[in-house]
Amino acid sequence: MEPLLILTNCPDESVANTIALAVVESGLAACVNILPRVESIYRWQGAVESASEIPLLIKSTAANYAALETTIRQRHPYEVPEIIALPITHGLPAYLNWVSAETLQS
């Protein structure tokens, strides 16, 4: 099992809830935290932009990453959504075992 923490930002609560439910109900993620709204400042197409967004913290495994990325992209309205996967190298073994047990195994 290779646990991952996947980060994405959504434009609003509706998109955040849609993505969170889709990945948990399908078994692609064990848990999704929907965080409070944040302000993002970024460069897009040569201009500095600002947007209010809802961050998601998605707990899954490397085996599910490709399907999870596809699921997020299908439900995300951004042309290029932020989807970043970080390896979880340390954590409470019981929690990491739960993440593995609650996600699909390829």
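1. The sulfur of Cys-10 lies 15 Å from the closest cysteine sulfur, in Cys-31, and that is too far for a bond. The model is predicted: local features need pLDDT of at least 70, side-chain atom pairs count only at pLDDT 80 or more, and totals for chains, interfaces and linings use all residues. Residues are numbered from 1 along each chain as its sequence is written, and side-chain values use heavy atoms, with hydrogens and water left out.

2. A disulfide is a covalent bond between the sulfur atoms of two cysteines. With the cut-off set at sulfur atoms within 2.5 Å, a search of the whole structure finds zero disulfides. Cys-10 is buried, at 0% relative accessibility, whereas Cys-31 is partly exposed, at 22%. Buried means under 20% relative accessible area, exposed over 50%, and partly exposed in between (1.4 Å probe, protein chains only).

3. Trp-98 belongs to helix H3 and is partly exposed, with 33% relative accessibility. Leaving out residues up to four places away in sequence, Trp-98 touches Ala-30 and Cys-31; contact means heavy atoms within 4.5 Å. Trp-98 and Cys-31 are 67 residues apart along the chain, and their C-alpha atoms are separated by 10.0 Å.

4. Helix H3 spans residues 93–101, and its buried residues are Leu-96, Val-99 and Ser-100. These cover an arc of only 100° around the axis, so they sit on the same side of H3; the arc is taken from the directions from the helix axis to the C-beta atoms. An α-helix has 3.6 residues a turn, so residues three or four places apart point the same way. On the other side of H3, Ala-94 and Ala-101 are exposed. The buried residues of H3 pack against strand E1 (3–10) and strand E4 (47–61). Helices (H or I, at least four residues) and strands (E, at least two) are DSSP runs, numbered from the N terminus.

5. The largest pocket holds about 280 Å³ of space. A pocket is an open set of points on a 1 Å grid over the protein atoms alone, where a 1.4 Å probe fits, with protein on both sides within 12 Å along at least five of seven lines; lining residues have an atom within 4 Å of a point. The volume is the space filled by probe spheres set on the points, which are joined across faces, edges and corners.

6. Strand E3 (38–44) and E4 each supply at least two residues of that lining, and E3 gives the largest share, four residues. Among the lining residues are Asn-9, Tyr-42, Trp-44, Glu-53 and Pro-81.
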